[in-house]
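Have a look at the structure first, and then let's go through them together.

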Amino acid sequence: MFIYLAGLNTVMPSDSTPDEGLSREELLRRLHASYGDAGWFRDIVEHAHDAIYIIHPREGFQYVNPAFERLTGYTVADVRADDFSFWDIIHPDDVDMIRRRGASRERGEEVPGRYEFRILASDGDVRTVEATTMPLDTGDGLVAGILRDITDRVEMEHALQESKNLFRELTESTTAAVFIYQDDVFKYVNPAMERITGIPEDRLLGMPFLDVVHPDERDMVLERARMRLQGSSEQPGRYEVRIVTRDGATRWIDLAVTVITYEGRPAGLGNAIDITERKQTERALRESEETFRHLAERSLDGIFAYDRRGRFTYASPAVRRIAGYEPEEIEGTFFGRYILMRDLPKTLSTFARLMMGKPVEAVQFRVKRKDGEVRTVEVNAVPVMEEGRITGAQGNIRDITETTETRQRLRESEERYAMLFEQSNDAIMILDLTGKIVDVNDRYETIFSRREEDIVGRRFSDLDIDYSLSTKDIFQKIETLITRRELDDFEITVQDRVTDETFTVNVKANLIKLPEGRFIQTVIRDVTDRKRAERELRYQRKYFEALFNDSPEAIASLDVHNHVITVNRAFEELFGYTAGELQGKNIDDVIVPEHLQKEGRNISERVERGEIVRRESVRRSKTGEMIPVSILGAPVVIDDRQEGIFGIYRDISARVTAEQALRESEEQYREMVENINDVLYTTDMEGMITYISPVIEQLSGFVPEEIIGNVFTDFIHEDDVPRVRQRFKQIISGGRDGRPSPDEYRIVLKSGDVRWVRTSSRPVFEDGMVVGLRGVMTDVTDRRQAEQKIAELNDTLRLLNKIMRHDILNDLQIARSSLELYDEEAEPALYEKAIRRMRHAVELINRMRGLESLVASGEELRPVDLREVAEDIAADCTVECRVAGKAVVMADDALYSVLQNLVHNAMVHGRADMVDISMRCNDATCEILVADNGVGIPDSLKDRVFGEGYSHGDAGGTGLGLYIVKQTVERYGGSVAVEDNEPRGTVFVLRLRRGER
């Protein structure tokens, strides 16, 4: 584990000063040189499954084993770098938990030795570990930690839970407030609406929606709502508005509204997101910007900002002192115009680096002031990001001309000394006789983590550094140097108050004479490594013993012949044997089951040959229990000679159980999916089908393999493709709304037939990103056909109602009025008028019989002998009516009304004195011709005669006869047309499906 070390300083002695660690190889080499029998402890650490590390509360990591490097991606050099922090490898979401554990430990509370958390590897990978920590009995606060990678186990547990919750997504609800309003009141609100407003759902329903809008914005919201319901496209689809909550508080929402049809009438569908916190943040940002400007205008350093083209957008008043220009003169100009030409390439390179998102520090170049003077400046700058895009840079500029010139003169006068000065492996600091720092070399910067520019000109006692000797004592030693010109070496411990780093240095001082005068030269050598190595060699044996005994892995130390030397506590707990019971016995004879003896011998022989062997198997405990384990067999090699063997065993029972449970859960899920009637499917972001359940074959004729890998639109009726494709894009881009989105459209079967389906789809998320779509498909063809049939019958009923309520009633009222007048006046014309109206009403009633047949004929079509029907009609004709041919067609009782209407039309409206009914059939169709010798129908009217209520000519009529003919024939799946007869008259051509008797 990685441990929280806060509070451990109270355990370390106050005079303890751990040094920097040796390399792993040097540390192990010295361990072996000092303790010849400790090699097997080293091999435990080097070959362990788990990551093992040693950490100091202030110095950070002292040692990590290879497993640590494999787990985290960080090498020994990485973790021991000055800028590497213990918290760099802790997942941000787990930092508080670890801090709480550290705080509990500081308070003396009991903290469990093992716990779980997540770490961040160097490549950004997140791993879950189980950690064990142990203080080392070394007296200096060192703590050892062991990390076990349990990521696979955790992911399997998550996968099992995800499998169980797969269908729970259908019940998820959005976090955004969703509502429907109609007639200016709420008709529907979701729970999120209640949370945002604080008003219970039962009170919101029926409430005027303006009641929750802030009074200052109600007129605007009402106007937009009503204009939108009236179809106006000029209203914004989304805008920000204030609302008033139940407790009277004002909140901001981002509101989007669209028009829908709700319960048959227009309504508004809205969704709202609470953006109050964002508004507050924006206000705080504006206030922060004002504070920044106030500080910038009073800074001694120049503050500047420029855009992506390098044009200044801001310059603080300090630039007046540095460059001689007023800020207003600089703003809007290109920064390069102020740079000395020789330094321009360097500054352009710095600008390019900023525009690539990289900050720059301590960049020095020369600028030309307004008065022509050249000054040396130092710049620190960072890129400015807006909405993920670099829009420019901002930074500060400092005039360092005097400091630079002083240092340059000194170096020019002492070139040879400067070369030795800079190339020295020791840190060198030059002081004047007052203790003020004149110069330091690069090695000083490395040891003390101070830039030359930050310390030159300051007194060394003013630096943020604590010394084991007081400043007064150090001055006394320097005074001895000045008066006696001699000074012995002395060692002091240095603590950097900035980095909190502590190290030991050897100091030697002497007077030097330069052209500028006499100076004190101090040579400082870092001896921390030597001190630390001496101390670490004393502690190696102790903490390696602690690692062995407290490791969570079961470890057996064996000789080269596979006999047990000792085992650790974890081994005793796992297998039930004590170290005394096992000592001297062959490990295979004790814990390898009889049926796996050959496997055990094979592992032992390979390890004896120097191989590292990894295997998963089972081993037998003292009680006879078979325990699933992960086995690591590793040779112990000291000075190129194998001295023993390590057998390391990890209990994997929990993982094996989780894998079995996952397999069973997946099998249950698959069985459920493959046996439901509805079709389940998934697609990727491009609409390619990635899964479809086997029941699709019953619906479409396609097996799943013929569909998977194709785009879903390949199977949709071409007329529906544009709408369905647009719907797919809306669902994919709909974000975390999470609600299923229903739709109905036609699909094309493998046979070429078409069926209607209803789908309900929702986006699929992985790591917060939409990766595809999941949905359910149901066959609704029968329902759609029934709805079509109902619509047709409703049209017929509507016509019947119209005739009953209007036409017949009108005829009877006119007839009644005419008879009443005739009774008073005895006018024959009134009597004839009444008779005509009553005959017209009778004709309407007869036509209604045909319409009734349309409504009543809901039974299946059957074979009907057309000649028998024609002969019955011919027998009642008042003109000559002939029948020729035979035909059996698919029809029902309404066929009589069809032929009767055609014959009646010929006699009454065509004024024919002869009608011929003829019929003939081929393999699938029968053609029926009803011809007359009447007045005929003009070409301009032939497309209109079958319309509802259309009539023409002197005979008038209801306009329903031919309408009934057309509706009935089309219901049979046939057709009807009108043509001219020769030499005169009309021919009605019927085509019906042939039937068999």
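Q: Where is Glu263 found?
A: This is a predicted model, and in it Glu263 is found in the loop between β9 (250-262) and β10 (265-274).

Q: What makes the phi of Glu263 worth a remark?
A: Glu263 has a positive phi of about 55° although it is not a glycine. Most residues other than glycine have a negative phi.

Q: Why is Glu263 called exposed?
A: The label exposed needs over 50% relative accessible area. Glu263 has 65%, so it is exposed.

Q: Is Asn562 buried or exposed, and how do you know?
A: Buried means under 20% relative accessible area. Asn562 has 4% relative accessibility, so it counts as buried. Asn562 lies in the loop between β22 (554-558) and β23 (564-567), and has a positive phi of about 75° although it is not a glycine.

Q: Why is Ala67 called buried?
A: The cut-off is again under 20%; with a relative accessible area of 4%, Ala67 is therefore buried. Ala67 sits in helix α3 (residues 66-72). The C-alpha atoms of Ala67 and His49 are separated by 6.4 Å, with the two residues 18 apart along the chain.

Q: How do you know that the span of helix α31 (residues 895-908) agrees with what it should be?
A: The expected span is 1.5 Å times one less than the number of residues. For the 14 residues of α31 that gives 20 Å, and the end C-alpha atoms are 20 Å apart, so the two agree.

Q: Which residues of helix α32 (residues 961-971) are buried?
A: They are Gly961, Leu962, Tyr963, Ile964, Val965, Thr968 and Val969. After α32 comes Gly973, with a positive phi near 85°.

Q: What makes the peptide bond between Glu982 and Pro983 stand out?
A: It is cis, with omega about 5°. Most peptide bonds are trans. Pro983 is placed in the loop between β37 (975-980) and β38 (986-993).

Q: Which residues form a negative surface patch?
A: Asp823, Glu824, Glu825 and Glu827 form it. Asp and Glu count as negative, and members of a patch need over 30% relative accessible area. Asp823, in helix α28 (residues 781-825), has 68%, so it is exposed.

Note on methods
Residues numbered from 1 in each chain as written. Predicted model: local features only at pLDDT ≥ 70, side-chain atom pairs only at ≥ 80, totals over all residues. Heavy atoms only, no water. Patch = residues over 30% accessible without salt bridge, like charges linked within 9 Å, V, L, I, M, F, W, Y side chains within 5 Å. Areas by Shrake-Rupley, 256 points an atom, 1.4 Å probe, with all protein chains shown as cover. Salt bridge = Lys/Arg side-chain N within 4 Å of Asp/Glu carboxyl O. Charge placed at Lys NZ, Arg CZ, Asp CG, Glu CD. Helix = DSSP H or I, 4+ residues; strand = E, 2+ residues; numbered from the N terminus. Buried < 20%, exposed > 50% of the residue type's maximum accessible area, 1.4 Å probe, protein only.
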